[in-house]
Amino acid sequence: MDFGFSEDQKMIAELAADFAKKEIAPHIEEDEENHFYRRDILTQMGELGLLGFNIPEEYGGNGLGWMEAVAALYEIAKVHTSWRLSISGNVWGPALTILEYGTEEQKQAYIPGLCSGEFAGSFAITEANSGSDVSGMKMTAKDDGDFWVLNGSKMWISGGHTSDIGLVYAKTDPTAGGKGISCFIVDYNNTEGVERIPIHKKVGMWPAPTSELVFDNARIPKANLLGPLNRGFQICMWMLNNTRMGCATGGAALSAACLEGAVQYANERTQFGQPIGKFQMIQQQIAEMKLEDEAALALVYKAAWLKENKLPNQQATSIAKLFGSNAAVHAANLAMKIYGSYGYSDEYPCGRWLRDAKQFEILEGTSNIHMGIVAGIELGYQPNR
Ligand SMILES: Cc1cc2nc3c(=O)[nH]c(=O)nc-3n(C[C@H](O)[C@H](O)[C@H](O)COP(=O)(O)OP(=O)(O)OC[C@H]3O[C@@H](n4cnc5c(N)ncnc54)[C@H](O)[C@@H]3O)c2cc1C
């Protein structure tokens, strides 16, 4: 394993950091207050090539791989974690999955737009009554001549009402459990029978839109089935093993943001005639944050390196996601303590860090689910794909 950064990796990380500083940071307070999703950020990311990772240039990709992708996502998420979803929602969700499973027509129709930012992407698995238990989903897709007819609803979908193109998982054989799920490419702007309802109230990730989707006899052209019929569960797990890198990297980035903030505050704030950073107990908190932050990032790069080299990486991805989630929540908690009452005010971002950190324990497999994957592979109960 070589974590020495290439010139490409350094350049893309600097580009992403510069973009986040100029285009995301100035709007954070306003967007947080208004729960406002800024679509032009996605467009600009596309223009800069920040949505083209892992995709060949012939389909509009930037020719860069996993190491560059996590380096860029890390810089963006450090400024505001909601914007990490642009890379997961466009690239690692729809674009990469279409690249792996799609027909040539599907690749040409959707991937370039997802990479350029012309299309916003999403993926819809979760329903009100099936989250961790993906194979328990109830949404159906019935064969009707040249179309699949989708009925049912999806819940908690990131970018559900703001996306143009989404992957939607539904049962094509409701009697077959996980073996009866298929994956569909839905062109939301040209599909009737889909009501997209924004979820306005949630604990954090305020500028990141989340939605409920209701499909009422929505007709999807036959050509939009992605991959083989009834193979949706495998496609979904393959996709999640990629999108989870967004959570892993986002968790590491959020923990770094908390650490940077806490270090600065501990050096500035004085009590008892000296900076609070001089107190041993504050130092212990800073040391804990630093240990976990370094480890979280190293685990992200390990998983990215395995992916880059096409080696088994499912366990490493789950470890990185699980550890990154824990590091983010712990760091946000400690930052709030170090900032004292100012941390509890809205003058500093501690409240946002804490609210946003909790997402990582839930999305794309809860922490329990990832512990199950890590242990299941370790015990030999499942292969490490
Ligand atoms: C902000 C946000 C954005 C999201 N974006 C998307 C998206 O873009 N697309 C999408 O499809 N979904 C999305 N989700 C949904 C998310 O992936 C699910 O919420 C998640 O998979 C957990 O499902 P659940 O909430 O139904 O919890 P449940 O599955 O009901 O779990 C409840 C509790 O039981 C535990 N549990 C469940 N099963 C087991 C088990 N086998 N062993 C041990 N413990 C278990 C869980 O760990 C958890 O603690 C999003 C959610 C949020 C909050």
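The structure is a predicted model, so local features are given only where pLDDT is at least 70, side-chain atom pairs count only at pLDDT 80 or more, and totals for chains, interfaces and linings use all residues. Residues are numbered from 1 along each chain as its sequence is written. The protein has twelve helices and ten strands. Here helices (H or I, at least four residues) and strands (E, at least two) are DSSP runs, numbered from the N terminus.

**Overall build**

- The radius of gyration is 21 Å, close to the 21 Å that the globule rule gives for 385 residues, so the protein is as compact as a globular protein of that length. The radius is taken over C-alpha atoms, and the globule rule is 2.2 Å times the number of residues to the power 0.38.
- Along the principal axes, the C-alpha trace spans about 80 × 45 × 40 Å.
- Of the 385 residues, 51% count as buried. A residue is buried if 20 or more other C-beta atoms lie within 10 Å of its own, exposed if 12 or fewer, and partly exposed in between, with C-beta atoms placed from the backbone.
- Among contacts between residues at least 6 apart in sequence, 75% join residues at least 24 apart. Two residues are in contact if their C-beta atoms, placed from the backbone, lie within 7 Å.

**Helix 4 and helix 1**

- Helix 1 (residues 7–24) and helix 4 (residues 66–79) have axes that come within 8 Å and cross at roughly 20°. Axes are lines fitted to C-alpha atoms, for helices over the stretch in contact, and angles run from 0 to 180 degrees between N-to-C directions.
- These two helices are therefore roughly parallel to each other. Angles under 35 degrees count as roughly parallel, over 145 as roughly antiparallel, 65 to 115 as roughly perpendicular and the rest as oblique.
- The crossing of helix 1 and helix 4 is right-handed. A crossing is right-handed if the near helix is turned clockwise from the far one by less than a right angle, and left-handed if anticlockwise.
- On the helix 1 side, the residues that meet helix 4 include I12, A13, A16 and A17, and on the helix 4 side they include M67, A71, A72 and E75.
- Sorted by class, this contact has eleven nonpolar, one polar and four charged residues. Ala, Val, Leu, Ile, Met, Phe, Trp, Tyr, Cys and Pro count as nonpolar, Asp, Glu, Lys and Arg as charged, and the others, Gly among them, as polar.

**A close look at A13**

- A13 lies in helix 1 and counts as buried, with 20 C-beta neighbours inside 10 Å.
- Leaving aside residues up to four places away in sequence, A13 touches A71, A72 and E75.
- A13 and A72 are 59 residues apart along the chain, yet their C-alpha atoms are separated by 4.6 Å.

**Helix 4 and helix 8**

- The axes of helix 4 and helix 8 (residues 280–308) come within 8 Å and cross at roughly 150°, and the two helices are therefore roughly antiparallel to each other.
- W66, M67 and V70 of helix 4 make this contact with V300, Y301, A304, W305, K307 and E308 of helix 8.
- The contact has seven nonpolar, no polar and two charged residues.

**Helix 4 and helix 7**

- Helix 4 packs against helix 7 at an angle of about 50°, with the axes 8 Å apart. That makes helix 4 oblique to helix 7.
- The crossing of helix 4 and helix 7 is right-handed.
- Among the residues in this contact are L73, Y74 and A77 of helix 4 and M245, T249 and A253 of helix 7.
- The contact divides into ten nonpolar, three polar and one charged residue.

**Other residues to look up**

- Most residues other than glycine have a negative phi.
- W156, in strand 3 (residues 147–158), has a positive phi of about 65° although it is not a glycine. W156 counts as partly exposed, with 19 C-beta neighbours inside 10 Å.
- N230 lies in the loop between strand 8 (225–226) and helix 7 (232–268), and its phi is also positive, near 65°. N230 counts as partly exposed, with 16 C-beta neighbours inside 10 Å.
- D143 sits in strand 2 (residues 140–144) and counts as exposed, with 11 C-beta neighbours inside 10 Å.
- D143 and S122 are 21 residues apart in sequence and 24 Å apart in space, C-alpha to C-alpha.
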